[in-house]
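Thanks for coming. I will go through one chain today, and I will take it piece by piece.

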Amino acid sequence: MEAGPRDTAQGAQHGTAQDEDPRLSSDGPDEQPPGGVTADGPEVDELSTGPEVEVELRPQRRLRIWQLAPIVGLAAVGSLMFAFPLAFEFGDGGAVVAMLGLLICSCAAGWGMMAARRVGYTWPGLPQRGSGRRPDWRVVLAYAVVVVAVVVLAVWRVARLR
């Protein structure tokens, strides 16, 4: 790297032949061998002997702890808000707290699913995003039945508090 104008005396020129020290040598070899291959390197016929191997240099995409901590925290708070009014029947306000807890727990589950989808995870039985395959309708139906059953049971239990 060449020195800037503040590093030299006023009026001095940069990189002139008179400034070079005769005791210094160049960085490269004095003579270039034929073919551009040096004696300590591979021979010309050894340069491309096998097939090329591609190696992924990027780290594997995984959910990190800073992504998981708020999701797990919200899910725990939401499930506690949902479970305690249902278990101990707090009275008139219990149904509202339970439904708010169910809402918070559902939001945490959705947030977790979106974070997992972003790093490339999928639900069991469903194809990877961008693979071009269609999901099996039986797997989608099974997931829909489980979600509807959980929501119906939760709403039914909260409605029984009234």
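This is a predicted model: local features need pLDDT of at least 70, side-chain atom pairs count only at pLDDT 80 or more; totals for chains, interfaces and linings use all residues.

How many aromatic pairs does a search of the whole structure find? It finds one aromatic pair. The partners are Trp123 and Tyr143, with ring centres 4.9 Å apart and planes at 65°, so the pair is edge-to-face. The cut-off for that label is an angle over 60 degrees. The pair links distant parts of the chain: Trp123 sits in the loop between H2 and helix H3 (137-161), while Tyr143 is in helix H3, 20 residues apart.

Now the overall layout. The chain has three helices and zero strands. Read from the N terminus, the order of elements is α-α-α. How much of the chain is buried? Of its 162 residues, 12% count as buried. The accessible surface of the chain is about 14,000 Å², and 61% of that belongs to carbon and sulfur atoms. For contacts between residues at least 6 apart in sequence, 52% join residues at least 24 apart.

Next, the helices in turn. H1 covers residues 65-88. It has 24 residues and reaches 34 Å from first C-alpha to last, close to the 34 Å expected at 1.5 Å a residue. Which residues of H1 are buried? They are Ile71, Gly78, Phe82, Pro85 and Leu86. In general, an α-helix has 3.6 residues a turn, so residues three or four places apart point the same way.

Is Ile65 buried or exposed? Ile65 is exposed, because its relative accessible area is 68% and the cut-off for exposed is over 50%. Ile65 belongs to a nonpolar patch on the surface, together with Trp66, Leu68 and Val72. The patch has about 470 Å² of accessible area in total.

H2 runs over residues 92-119, which is 28 residues. From its first C-alpha to its last, H2 reaches 43 Å, close to the 40 Å expected at 1.5 Å a residue. The buried residues in H2 include Gly94, Ala95, Ala98 and Gly101. Further along H2, Ala108, Gly112, Ala115, Ala116 and Val119 are buried as well. After H2 comes Gly120, and its phi is positive, near 110°.

Leu100 is placed in helix H2. At 41% relative accessibility, Leu100 counts as partly exposed. Where is Met81 relative to Leu100? The two are 19 residues apart in sequence, and their C-alpha atoms are 7.3 Å apart in space.

That leaves charge. Side chains of opposite charge can pair when their charged atoms come close. How many salt bridges are there here? The count comes to one. Asp136 forms it with Arg138, and the closest N and O atoms are 3.1 Å apart. Asp136 is partly exposed, at 28% relative accessibility. Arg138 is exposed, with a relative accessible area of 54%.

To recap, the chain has three helices, one aromatic pair and one salt bridge. That is the end of my part.

Technical notes: Residues are numbered from 1 along each chain as its sequence is written. Side-chain values use heavy atoms; hydrogens and water are left out. Patches are made of residues with over 30% relative accessible area and no salt bridge: like charges are joined within 9 Å, nonpolar side chains (Val, Leu, Ile, Met, Phe, Trp, Tyr) within 5 Å. Accessible areas come from the Shrake-Rupley method with a 1.4 Å probe; for residues, only the protein chains shown count as cover. A salt bridge is a side-chain nitrogen of Lys or Arg within 4 Å of a carboxyl oxygen of Asp or Glu. Helices (H or I, at least four residues) and strands (E, at least two) are DSSP runs, numbered from the N terminus. Buried means under 20% relative accessible area, exposed over 50%, partly exposed in between (1.4 Å probe, protein chains only). Contact means heavy atoms within 4.5 Å. The expected span of a helix is 1.5 Å times one less than its number of residues. Rings of Phe, Tyr and Trp (its six-membered ring) pair if their centres lie within 6.5 Å; planes under 30 degrees apart count as stacked, over 60 as edge-to-face and the rest as tilted.
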